[in-house]
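Dear colleague,

I am passing the structure below on to you, followed by notes on what was found in it. Please read the notes with the coordinates open beside them.

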Amino acid sequence: MPAIVMDKQGSGPEFEAKFTFYVFICCIMAAFGGLMFGYDIGISGGVTSMDDFLIKFFPKVYAKKQEAKENNYCKYDNQFLQLFTSSLYLAALVFTFLASYACKKYGRRPTMRAASLFFLVGVVLNAAAMDLTMLIIGRIFLGIGVGFANNVVPLFLSEIAPPKIRGALNILFQLLITVGILVANLVNYRTSSIHPWGWRISLGGAGVPAILLCIGSLFIAETPTSLIQRGHLDEGRATLKKIRGTSNVEAEFNEICRACKAANLVKQPFKKLANRNNRPPLVIAIAMQVFQQFTGINAIMFYAPVLFQTIGFGNDASLLSAVITGLVNVLCTIVSVLYVDKVGRKVLLLESVVQMLISQGAIGTILMIHLKNANTLEHNVAIAVVILVCSFVSCFAWSWGPLGWLIPSETFPLETRAAGFSFAVSSNMLCTFIIAQAFLSMLCHMRAGIFYFFSGWIVIMGLFVALLLPETKGIPIDEVDKIWREHWYWKRFMDDEGAISKVQREQE
Ligand code: BGC
């Protein structure tokens, strides 16, 4: 998930920085932000497959599910049921922009606290929900929390981490999202047998990472960048000394001052983003998010238990299969941490395009042949589908999952990095909303063909990576405009304005 890489990686000034206990505590903080988001992604699918939950809030869906023998593909098709999952992302989409304003004006610490408080209100409303309205309003509050947290936590991390481990921390955040998804799947597996209110524990469990984030935000200090940006220079210098574990911080302090000055000069970063030479990173950032979502990953993450029930698994087997895919997701994200800087971004993305295409194509074909409206899959065939889903999730986890966030964080110039990144976050939320809202209806209407639909997208994204995505492995972040200037297509967008602003930055 998101993280903004602010430093040069691989070259440029080396600042003295130790991996202090304070920074360690901050990593834990990031963990709670990531867990909070991941838990939400993972929890809704399991909850919406629980009968007690359906009987209370979606009796029509429950009745339809009982008639499942009549239509496998349509038993969960209900706009309100989908709204339960998707409303969170709609709220997050809107509040992402407000969060970037709050971060700048009030600092990272209060924004983080606000994220956890909004989130907690949502958790209480959800766990205590008496009717659908309470449930959806709760989801909207959770979404506000997620919108805030997804902006502030990565920004906080990137500012607090020693420059050398910023890239790794970026993917670590994604790793913790996957841990959150896995924990949610495990919780659902346990609570599904607690009748009739097990789902309340599932939804209430989201409060744990939120409370920890809230408590944490009371104790940590504000980031030096935020302090300096808001004019508290002495406090900024003192904090820098504390987090770097050395008093030799003058070079980094000056660098932050320079960056803040340059960023403050750009009064309207969103307007600047519309400039022609910002077009390449903007297109890449938005495309990476759209493609990441249109791999179909969240059809699996949100609705895995529902999907596994569709192919004929019982309640428990479905939830267990979701746990298995969650575990594969965590383990394969570690592969990315280890290899992204060795083999590069494009190799991972292209390899996964091939693997995803084979997996989705095979799932679609198997279901098309074996799963009719009113039968269940034979045991062996169902196992084959689970294995193919795991294959799909594994390659997503070492490629589009983390890189969908990493690449937009390393391709914008400093002046538009934060604004550009908000666009990336909101594009992601928008596409997540679309998938969450539409998937079950698409499954009902397109049946197994839905997997060919996602395969079509995968072909397009493969071509996009091969032809239009520049490799950013090992490129110092402040020299990123070089990759556009040298690119066969994007170079036409790089007029002199970009070069001038770079020269200005160097002269300052
Ligand atoms: C995506 C989420 C997805 C998760 C799965 C993230 O990178 O943004 O939408 O659910 O990966 O691990």
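Leaving aside residues up to four places away in sequence, Thr295 touches Met356, Gln360, Phe392, Phe396, Trp400, Phe454, Ile458 and Met461, where contact means heavy atoms within 4.5 Å. This is a predicted model, in which local features need pLDDT of at least 70 and side-chain atom pairs count only at pLDDT 80 or more, while totals for chains, interfaces and linings use all residues. Residues are numbered from 1 along each chain as its sequence is written, and side-chain values use heavy atoms, with hydrogens and water left out.

Thr295 sits in the loop between H14 and H15 (helices are DSSP runs of H or I with at least four residues, numbered from the N terminus).

Turning to the ligand, helices H7 (166–191), H14 (279–294), H15 (297–310) and H19 (400–411) each supply at least two residues of the shell around it, and H7 gives the most, with three residues. Of the 13 residues around the ligand, those that come nearest are Gln174, Gln292, Gln293, Asn298 and Asn329 (a residue is near if one of its heavy atoms lies within 4 Å of the molecule). A polar side-chain atom of Asn298 lies 2.6 Å from an oxygen atom of the ligand, and for Gln292 the corresponding distance to a ligand oxygen atom is 3.0 Å. The protein covers 99% of the 310 Å² of accessible area that the ligand has on its own (Shrake-Rupley method, 1.4 Å probe).

Two backbone features deserve a separate mention. The peptide bond from His195 to Pro196 is cis, with omega near -5°, and Pro196 belongs to the loop between H7 and H8. Arg447, although not a glycine, has a positive phi of about 55°; Arg447 lies in the loop between helix H20 (414–446) and helix H21 (450–468), and is partly exposed, with a relative accessible area of 29%.

With best wishes

Definitions and conventions. Polar contact = N/O pair within 3.5 Å; in protein donor to acceptor, adjacent residues only side chain to side chain. Buried < 20%, exposed > 50% of the residue type's maximum accessible area, 1.4 Å probe, protein only.
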